[in-house]
Amino acid sequence: MRTEAQAVVIGGGVIGCSILYHLTKLGWSDVVLLERDELTSGSTWHAAANIHGLHDSTNISRIQHYTMNLYNALEEETGQSCGVFQPGSLYLAQTEEREHQLKLQAAKAKLYGMNFYEISIEEAQKLNPLVNYDGIRCVMFEPDGGNVDPSGVTNAYAVGARQRGAQIHRFTPVTATEQQEDGTWIVKTPKGDIKTPWVVNAAGLWGREVAKLAGIELPLQPTEHQYFVTETMTDVESHGTRLPSVSDRDGEYYLRQEGNGLLVGAYEKDMKFWAEEGTPLDFAHDLFPDDLERIEDNMMNAIERLPAVGEAGIKRVINGPMIWSPDSNVLMGPVPEVEGYFCCNGIIPGFSQSGGMGLMAAQWIIEGETEYDMFAWDMARFDTWATKEFTKARVADQYGHRFAIHFPNEERSAGRPARVRPIYETQKEMGAVFGLNVGWEHPLWFAEQPGTVDTNGFTRQNWWGPVGEECRMLRERSGIIDISNFAKYVCKGSGAADYLNAVFANNMPKSVGRSCLTPLVSKRGGIAGDFTVTRVAEDEFWIIGSGMAERYHKRFFKQVALPKGTTFESHTEAMCGFNVAGPKSREMLQSMTNTSLSNEDFPFMRSAKIELAGVELLALRVSFTGDLGWELHCKTEDQARLYDALLKAGETFGAGPVGSRALMSMRVEKGYGSWSREYSPEYWPHEVGLDRLCKFEKDFLNKAAAQKVLDTPAREQLVLLHLDEADVTASNADATGGEPIFKDGEGIGRVTSGTYGYTVGMSLALGYVKNAKPGDRVDVMVLGQPHKATILHEPPFDPKGEVLRG
């Protein structure tokens, strides 16, 4: 066994072997995989191993399609059979909402060149005559869908990795992972130790236990999961060709051919946790006792849709463990607080994602970044607030709603509240309907009746009207927005300016009281973040960024050494904030302070430490609404006092509370981008209009990458679109994000944010397009159907910034 390696992968399931294979494929041959038992132990060996490309996330769909197309090539390369069957998959829609979802997926598939399209009921009957198509609104067909052999795929990855120089050691448990002073690791096993700069935790059911060896806690929880295989069925045996699988997610089961019978699996509401206190170390190729009564309702749905299932005997039942994250997506990426430790844990559709997941992991480790924006999978989306209790509640909800539609703007209540601010109860009594943002409860909108909850769907919902009232109140008078969930940092010391100039692309403010906007550049030259930086003293700066990306951004901040005597600390929990904006915001706030807020004394992009209604705070003359306004940041213990004072003062000026959905509408009216939507590592500075904020006369993090992409013509451009009222009215739906954009039948881009602009009377969308210009007419595929739209020359609200600076 090697004593040193470029990376050590822990776990010999399909994911660990895929990561090992892809590390070698990208050029690393000195890599080692350690497996405590036999390859495929744990969850891999008993998986149903279905493969499909359908996913609500475009990038995850790309990864799944890569995986589906990889298996045949992997067989050719290694000579190891993957047991690939690709008779196709039928996706059935019983409801209008499912039809909307599938048609949107088909539009995305057309944009990205994926094989997924609608077929008639008659065509579906020919492909799978066992299905009863009564009540089916539409059918989509995915010709490449099917299933693989779990052991075959795992061993093919292993063979491919070995052929490129990797070592695999079975029956070699890891007993310790010890980080050295230089950041490298010693991985200890009974067969010897290995020194490595990278530990890769792909330990599947034992992901929690392996992480704890390094002092890392992962929000994971295993459950039981069942499927059964029927005896040989005459209708299957006599069909002549392999039947396409059936995805009847409204029926809450999945089904495919297995031998000359059928395999039927379900995610039942009466789910069952397993190994809550830790996965047993002696568990390997084990199963649980059958418990088919738990999935009886799902079985009856399958029998109603395929009556032949009810006439067949059951050949065997598989009841085995799966391990879940709180949102059922993988926990992937380098641990931000621990150098050289990479996680890839909590994978559910492993055989649909194994290839793409292995490729993304290898890119991240070797190249420093993935080619796609994978924040949906980034482990940094969770932190210590995702407690064991929260994780269990969310996993139960995810398992029981595995096949439910995840609607735009949907908020699930399980496990909440996890974190609240001092004014949470006050906002609740005022009718706030809350959303979850990195564990924090924050108001989405305010209803007339406390206790009101969102309705969900692809069309306009119960919050659509009230959000419009909030927007109009702010634009006409003033509004108070809770922005406490923004990430807030303080950098202090004699080297603070030098440090921030080395991290961020823009020049830091030279004068006290001035602010600047700045991008954070990613490894490949994209936009890793956007921040407001304010100089509050000669040696002190305040930095405000995306709250959901705070742990993600730690990785970037750590890449630049802090000068001696300089500190950089998060104040997100210690500080709260409000944005007070609108034409009467100055008059309203002036009534609460002796500090002059006139344009001469307090112009746009300036700041000051002031006292407002007896509360000391930092006031910034900025507003994400695009309107006249101030951000007010106070200590958390002063939040309730400040909020009460703002609400009381607001009564005189007709101002009141405004939620984040109204903020979303108003920032799109202004054409402002938002991190994780318009800004991500996938997009280049000149594609998003942030190139002017990259100052190349100085050095900054990933400057060479930024220069390289800026020397390359933009691949596409961020634009603002106005959707025709007639189409929007007919569908009762606005764009929400992810909808493809077509021009003359050709795919030219996709929507990143969509909303109704209540104060400009327009249905709007921000998105990226290529080969198009302002004034062009295009089709935006809202609900998967073409909605006519025009690319705007300028934002409809305050295009010259006169209101903002007034």
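Student: Where does Asp 798 lie?
Tutor: In the segment after β38, which spans 785-791. Keep in mind that this is a predicted model.

Student: What is phi of Asp 798 near?
Tutor: Phi is near 45°, a positive value in a residue other than glycine.

Student: Is Asp 798 buried or exposed?
Tutor: Buried. Its relative accessibility is 10%, and the cut-off for buried is under 20%.

Student: Which loop holds Asn 409?
Tutor: Asn 409 sits in the loop between α11 and α12. Its phi is near 70°, again positive in a non-glycine residue.

Student: And how does Asn 409 count by accessibility?
Tutor: As partly exposed, because its relative accessibility is 34%.

Student: Where is Pro 417 found?
Tutor: In the loop between α11 (388-400) and α12 (424-429). The peptide bond from Arg 416 to Pro 417 is cis, with omega near 0°.

Student: Switching to helices. At what angle do α2 and α10 pack?
Tutor: About 105°, with the axes 7 Å apart. Helix α2 covers residues 58-78 and α10 covers 350-367.

Student: Which residues make the contact?
Tutor: From α2, they include Ile 60, Ile 63, Leu 70 and Tyr 71. From α10, Phe 351, Gly 355, Gly 356 and Met 360 are among them.

Student: How many nonpolar, polar and charged residues in the contact of α2 with α10?
Tutor: Nine nonpolar, seven polar and no charged.

Note on methods. Residues are numbered from 1 along each chain as its sequence is written. This is a predicted model: local features need pLDDT of at least 70, side-chain atom pairs count only at pLDDT 80 or more; totals for chains, interfaces and linings use all residues. Side-chain values use heavy atoms; hydrogens and water are left out. Axes are lines fitted to C-alpha atoms, for helices over the stretch in contact, and angles run from 0 to 180 degrees between N-to-C directions. Helices (H or I, at least four residues) and strands (E, at least two) are DSSP runs, numbered from the N terminus. Contact means heavy atoms within 4.5 Å. Ala, Val, Leu, Ile, Met, Phe, Trp, Tyr, Cys and Pro count as nonpolar, Asp, Glu, Lys and Arg as charged, and the others, Gly among them, as polar. Buried means under 20% relative accessible area, exposed over 50%, partly exposed in between (1.4 Å probe, protein chains only).
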